[in-house]
Amino acid sequence: MIGLAAAFAVAGAASNAVGTAFQRKAASASSRGGLRLLADLVRRPFWVIGMCGVVCAALFQSLALVNGPLALVQPLFILELPFALLVAAPLMHRRLPRSGWWGVGACVTGLAALLVAAAPHGAVDHAPLSRWIPALCLCLGGMAAAVLLAGGDRSPARRAALLAAASATGNALTAALLKSASGTFADQGFVAFLRSWQTYGFALAGVAAVILLENALQAGPLAAAQPALTIGDAVVSLTLGITLFGERIRTGWWLVPEAAGALLIIGGVLVLSRAVQHIAVVPVAVEERDLAG
């Protein structure tokens with residue numbers, strides 16, 4: 001079941017990366033804004049492919065969370081960042097610099113080392129309300145505090161990092177609520193799924209996380225937002241998995257390779273975030289540009 005959960009999580013990360021890349025490709029070919037942008041995008045094949053990727057990612061994430069611990073599934077979504085760059089670079093006719101490839105390697109190697117050493121296990125699909133209440137208060141309180149601090153900060157980089165941290169917390173909370181709702185669906189069926197408060201909770205938390213992410217990307221550089229988003233999601237998810245669902249990781253001397261893996265991931269994310277700013281443009285023929293429409 002752990003292997004199945006890992007496979008679904010990797011498939012979800014890849015699907016989300018493909019969806020994001022194709023949606024960005026379609027949006028870059030349009031000059032409209034607001035609702036007119038959406039009306040224009042729905043007629044573009046690249047945008048439709050992107051939406052299919054996003055829908056598949058949500059499905060794969062649900063299947064992963066039903067079959068494995070949150071502390072395993074969410075960290076694997078770190079792979080979305082290198083996947084997105086590998087897909088988007090040729091799609092947007094860009095060339096990833098050599099440092100970017102080192103970043104990809106560091107992320108993948110660090111993630112493998114961290115998860116093999118930690119070996120998350122012992123998950124359940126449901127948590128009592130006595131655990132949910134403090135988890136919700138801390139997550140929502142942390143998100144609100146980050147937003148308030150970002151509002152009073154004039155530094156674009158700090159604002160982007162704070163808003164990305166709030167979005168990361170929202171993503172982790174969404175995943176925890178989705179795990180519980182998916183478990184209800186698997187155990188009790190669709191009617192019980194609709195009656196579960198976690199079903200509506202993950203929908204609201206997911207919308208909030210997306211809004212915060214858009215504001216983070218608008219507020220400052222990607223190099224400031226991406227590390228907080230990627231690392232924050234993994235850390236909060238690990239904490240929620242342990243406190244809500246009774247998940248466990250290996251400790252003792254295993255903490256050494258776990259720390260080494262975490263440092264590799266942090267370094268890889270930082271390198272990738274900076275590499276994005278130095279992507280070279282590859283010349284493209286007019287006929288190829290027209291295909292985006």
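User: In this predicted model, which residues is Leu240 in contact with, leaving aside its neighbours within four places in sequence?

Analyst: The model is predicted. Neighbours of Leu240 within four places in sequence are set aside, and contact means heavy atoms within 4.5 Å. The residues that remain are Leu70, Ala135, Cys139, Ala172, Leu173, Ala176 and Phe245.

User: Which residues touch the most other members of the largest nonpolar core, and which helix gives the largest share of this core?

Analyst: The largest nonpolar core holds 37 residues, and those touching the most other members are Trp132, Leu240 and Leu244. The largest share of this core is 6 residues, and the helix they come from is H8 (residues 156–188).

User: How many residues are in the other core, which lies apart from it?

Analyst: Among the members of this other core are Leu162, Ala166, Ala168 and Ala219. Its number of residues is 14.

User: How far does helix H6 reach from its first C-alpha to its last?

Analyst: H6 covers residues 98–118, which is 21 residues. At 1.5 Å a residue, a span of 30 Å is expected, and the helix comes close to that. From first C-alpha to last, H6 reaches 30 Å.

User: Which residues of H6 are buried?

Analyst: A residue is buried if its relative accessible area is under 20%. In H6 that applies to Gly100, Gly103, Val104, Ala106, Cys107, Gly110, Leu111, Leu115, Ala117 and Ala118.

User: Are H6 and H12 roughly parallel or roughly antiparallel?

Analyst: The axes of H6 and H12 (residues 255–275) come within 7 Å and cross at roughly 155°. Angles over 145 degrees count as roughly antiparallel. Therefore H6 is, relative to H12, roughly antiparallel.

User: Is the crossing of H6 and H12 left-handed or right-handed?

Analyst: The two axes cross at roughly 155°. Where H6 passes H12, the crossing is left-handed.

User: Is Ala119 buried or partly exposed?

Analyst: The relative accessibility of Ala119 is 25%. Buried means under 20% and exposed over 50%, with partly exposed in between. Ala119 therefore counts as partly exposed.

User: What share of the residues of the chain count as buried?

Analyst: The chain has 13 helices and 2 strands. Out of its 293 residues, the share that count as buried is 43%.

Technical notes:
Residues are numbered from 1 along each chain as its sequence is written. This is a predicted model: local features need pLDDT of at least 70, side-chain atom pairs count only at pLDDT 80 or more; totals for chains, interfaces and linings use all residues. Side-chain values use heavy atoms; hydrogens and water are left out. Helices (H or I, at least four residues) and strands (E, at least two) are DSSP runs, numbered from the N terminus. The expected span of a helix is 1.5 Å times one less than its number of residues. Buried means under 20% relative accessible area, exposed over 50%, partly exposed in between (1.4 Å probe, protein chains only). A nonpolar core is a set of buried Ala, Val, Leu, Ile, Met, Phe, Trp, Tyr and Cys residues joined through side-chain atoms within 4.5 Å. Axes are lines fitted to C-alpha atoms, for helices over the stretch in contact, and angles run from 0 to 180 degrees between N-to-C directions. Angles under 35 degrees count as roughly parallel, over 145 as roughly antiparallel, 65 to 115 as roughly perpendicular and the rest as oblique. A crossing is left-handed if the near helix is turned anticlockwise from the far one by less than a right angle, and right-handed if clockwise.
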